[in-house]
Amino acid sequence: MAITRDLMIGGKDVPATSGRTAEDLDPYTGEVYATVAAAGREDVRRAVDAADAAFEEWAALAPFARRAIFFKAAELLEGRGDQVADIMAREAGGTRPWAYFNVALAANILREAAAAITAPRGEVLGTQKEGALSLAIREPLGVVAAFAPWNAPVILGVRAVAAPLAAGNTVVVKPSEDAPIACGLLVADVFREAGLPDGVLNVVTNAPEDAAEIAEALISDERVRAVNFTGSTGVGRIIGEHAARHLKPAVLELGGKNAVIVLADADVDYAVDAVTFSVFMNAGQICMSGDRILVHESLAEEFARKFTAKVATLQAGDPNHPHTVVGPLVSADAAQRIATLVKDAVAKGATVLTGGGQPEGAVHPATVLTDVPKDADLYYQESFGPLCVLQTFTADGEAVALANDTDNGLSCGIITENATHGLAVARRIRTGIVHVNDQSVADEPMAPFGGVKASGYGRFGGRWGIEAFSNTRWVTIATQQAHFPF
């Protein structure tokens, strides 16, 4: 029997004003997993009303009291591993190891945010005015509009709200239509159980056809003072335009066309293992996934042989099966999009080394291509699925040029046994993140996470997340009476 969930507004579960609902489908079986309330503009307004009403009290709450809520939420979330695994499998096709990783990292994001609440947030400034104290103070913005994606739903659902809340803001989150429970309602449930005051975190779910209207209504509300979006570059451009039109700061973490570079001094067996993880973890549905594998020509034959052999063994299918590595994509349409990219590339001269063919529902086999020409759609388009392209290079400069030949700039991995060599190459790569002697997929809650170019702007993580969702205010105190010229 399908789960039924309402909106969460002002700490209460309430239906949409219109009474409308939307279906949340299991990508593997195609069955209805849940029915959620389908919000309209009036529901967005109700959610912002609640967040705005709760802001002053939440911002004034003692730091240790706020911090205690975050620590409690982390503890509660860690205890829900099995529940999260069930939800992620049914909503987004996530395998169980991926779900447990989501829980562990999300809990640590909450702990890092808790630590930030009581960390110093201001400076004493030098001043030329005699008898004055000059301060730079960080203060919360107000109501933050947050958009949480489906692909790493618990990690990114928590990340969407943790730093804004820790900085003293209140939040209205619009979770993805493909995982409204895992990346929205579940997170709010945990915070509510942890003692978060009513109205501080509100969730508005919606029907897919209403997504653009709901986003515009949320961003345009004059009480919303900042925007937080993680998702595709295409949608991110629209969100960024809305925010700019209303003169609101935004943090945008968007798509990637990430490269993993295997230098001539790499350990091939290690490189094969690292690249396989980078490309196929969560069926390639991670913004940092390795789309392009650039291998020095001296290692190309050995790497290609060992890599394709390993990839061919990866089990695809039921996300609940303990041996499944490549679970279903988020929908059958997403799997068909991957098949279309492969077909287009092959028609233009690419070679399939392993995988390919037609998907079975939302399941597409792990696929590796080579000799993909520049006029193929896949050359510049983010695959966001279990698909990568092998390319060779002869010198570092060529590898750098290939890695930078993209509008995106999120992450990069450089495999080498010589850290000095790797760092020299890393300094020439135009991405927000780079990992030497590692692959492209990594996240830590204290690190500045984000991209450049079409991969977005702003940073999550550590003090950078707090800075993104707070204002710096200049305050002076005159310790003696000043003298004025008139």
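Modeller: Ala 335 has a relative accessibility of 0% and therefore counts as buried, a word used here for under 20% relative accessible area, with exposed meaning over 50% and partly exposed lying in between (1.4 Å probe, protein chains only). This is a predicted model, in which local features need pLDDT of at least 70 and side-chain atom pairs count only at pLDDT 80 or more, while totals for chains, interfaces and linings use all residues. Residues are numbered from 1 along each chain as its sequence is written, and side-chain values use heavy atoms, with hydrogens and water left out.

Ala 335 sits in helix α11, where helices (H or I, at least four residues) and strands (E, at least two) are DSSP runs numbered from the N terminus. Leaving aside residues up to four places away in sequence, Ala 335 touches Leu 329, Pro 359, Gly 361, Ala 362, Val 363 and His 364, a contact being heavy atoms within 4.5 Å. Phe 384 is 49 residues from Ala 335 in sequence, and their C-alpha atoms are 9.8 Å apart in space.

Helix α11, which spans residues 332–347, also holds Asp 344, and this residue is classed as buried because its relative accessibility is 16%. The side chain of Asp 344 makes a polar contact of 2.9 Å with the side chain of Lys 348; such a contact is a pair of N or O atoms within 3.5 Å, where within protein one must be able to donate a hydrogen and the other to accept it, and residues adjacent in sequence count only if both atoms are side-chain atoms. With residues up to four places away in sequence again left out, Asp 344 touches Ala 376 and Asp 377.

In β14 (residues 290–296), seven of the seven residues are buried, and β14 runs parallel to β13 (residues 258–262), to which five bridges join it; strands are said to pair if DSSP finds at least two bridges between them. Within that pairing, Ala 259 has Arg 292 of β14 as its bridge partner. Strands β11 (residues 224–230) and β12 likewise run parallel and are joined by four bridges, with Val 227 partnered by Ala 250 of β12. From strand β12 (residues 250–253), Ala 250 and Leu 252 point one way and Val 251 and Glu 253 the other way, yet all are buried. In a regular strand, side chains alternate between the two faces of the sheet.

Strand β11 leads on to helix α7, whose buried residues pack against β11 as well as α1 (41–60), β8 (143–148), β9 (170–175) and α8 (233–245). Those buried in α7 (residues 211–220) are Ile 214, Ala 215, Ala 217, Leu 218 and Ile 219.

Most residues other than glycine have a negative phi. Lys 453, in the loop between β19 and β20, also has a positive phi, of about 55°, although it is not a glycine, and with a relative accessible area of 38% it is partly exposed.
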